[in-house]
Amino acid sequence: MRRLLVPALIAAAGAALLSAGPAGAGARAGGGSITCQGGSLSAAFNPGVTFRKQTVQVQATGDLNGCASQEHPQITGGTFRFVGSGTGSCPGPFAIGYGKMLITWNDGSTSTLPQMSFRAEVSTASVDGGVVSEGRFKGSTGHLSGRVTASPVEMGAQCITTGLTRYEAELDRMDIGES
């Protein structure tokens, strides 16, 4: 029995190493990574966010600046569009939910990140966790974070009157990389 077991274990280990080799190489080759050190985000909430918790549609656009990618050195910036929905209310989070982001890079290529979570707070904004499903950096995970530029007093006044419909932020960082 032991004579049959040892060759079987060696064969199984060899098969595992062979199957892990190409998969590991494919994962490393992946879509690559990029980091951007700045930019802007401008979002619209519909309906306007009030003190009553409700479903909110979010549409955002922005710029990505100071981008660097070892695999794609020609990419130095881009623009993005985000569309999603979630729930929100004042005093915050103003909106929390999921959506889809499309990035158009300065070299004309694109990256599509479906199912990203977003969070719009009084002082910070973030979009996380989407995996690039199409285009440049396919298979890599995205993250974007920034600081809100509007005053909390102005946003609070809008919550009371018409509802908060505009949201602006400066981006600190955007990363797309291996998960």
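Student: Which residue in β9 is the bridge partner of Thr 112?

Tutor: Happy to start there! First, this is a predicted model, in which local features need pLDDT of at least 70, side-chain atom pairs count only at pLDDT 80 or more, and totals for chains, interfaces and linings use all residues. Residues are numbered from 1 along each chain as its sequence is written, and side-chain values use heavy atoms, with hydrogens and water left out. β7 and β9 run antiparallel and are joined by two bridges (strands pair if DSSP finds at least two bridges between them). Within β9, the partner of Thr 112 is Glu 134.

Student: How many helices and strands are there in the protein?

Tutor: Helices (H or I, at least four residues) and strands (E, at least two) are DSSP runs, numbered from the N terminus. Reading from that end, the order is α-β-β-β-β-β-β-β-β-β-β-α-β. The count is two helices and 11 strands.

Student: What is the mean pLDDT of the protein?

Tutor: pLDDT is the predictor's confidence in each residue, from 0 to 100. Residues 1–30 have pLDDT below 50, and this stretch has four contacts beyond near neighbours in sequence (contact means heavy atoms within 4.5 Å). Where pLDDT is low, the predicted coordinates should not be read in detail. Across the protein, 83% of residues reach 70 or more, and the mean is 84.

Student: How many bridges join β6 to β7?

Tutor: These two strands form a hairpin with four residues between them, and Gly 108 there takes a positive phi near 95°. One of the pairs sets Thr 104 against Thr 110 in β7. The strands run antiparallel, and the number of bridges is nine.

Student: Is Gln 115 buried or exposed?

Tutor: Look in strand β7, residues 110–120, to find Gln 115. Its phi is positive, about 60°, although Gln 115 is not a glycine. Buried means under 20% relative accessible area, exposed over 50%, and partly exposed in between (1.4 Å probe, protein chains only). Because its relative accessible area is 59%, Gln 115 is exposed.

Student: And is Phe 137 buried or exposed?

Tutor: Phe 137 sits in the loop between β9 (134–135) and β10 (141–148). Phe 137 also has a positive phi, about 70°, without being a glycine. Because its relative accessibility is 1%, Phe 137 counts as buried.

Student: Which cysteine does a disulfide join to Cys 36?

Tutor: A disulfide is a pair of cysteine sulfur atoms within 2.5 Å, and the structure holds two. The link from Cys 36, in strand β1 (residues 34–36), reaches a distant part of the chain, strand β4 (residues 67–68), 31 residues apart. Cys 36 counts as buried because its relative accessibility is 1%. With an S to S distance of 2.0 Å, its partner is Cys 67.

Student: Is the link of Cys 90 and Cys 159 right-handed or left-handed?

Tutor: Their sulfur atoms are 1.8 Å apart. The pair links distant parts of the chain, with Cys 90 in the loop between β5 (78–88) and β6 (95–105), and Cys 159 in helix α2 (residues 152–160). The angle about the S-S bond is -75°, and the link is left-handed.

Student: What kind of peptide bond joins Cys 90 and Pro 91?

Tutor: Pro 91 is placed in the loop between β5 and β6, and Pro 93 lies in that loop too. Gly 92 and Pro 93 are joined by a cis peptide bond with omega about 0°. Between Cys 90 and Pro 91, omega is about 10°, and the bond is cis.
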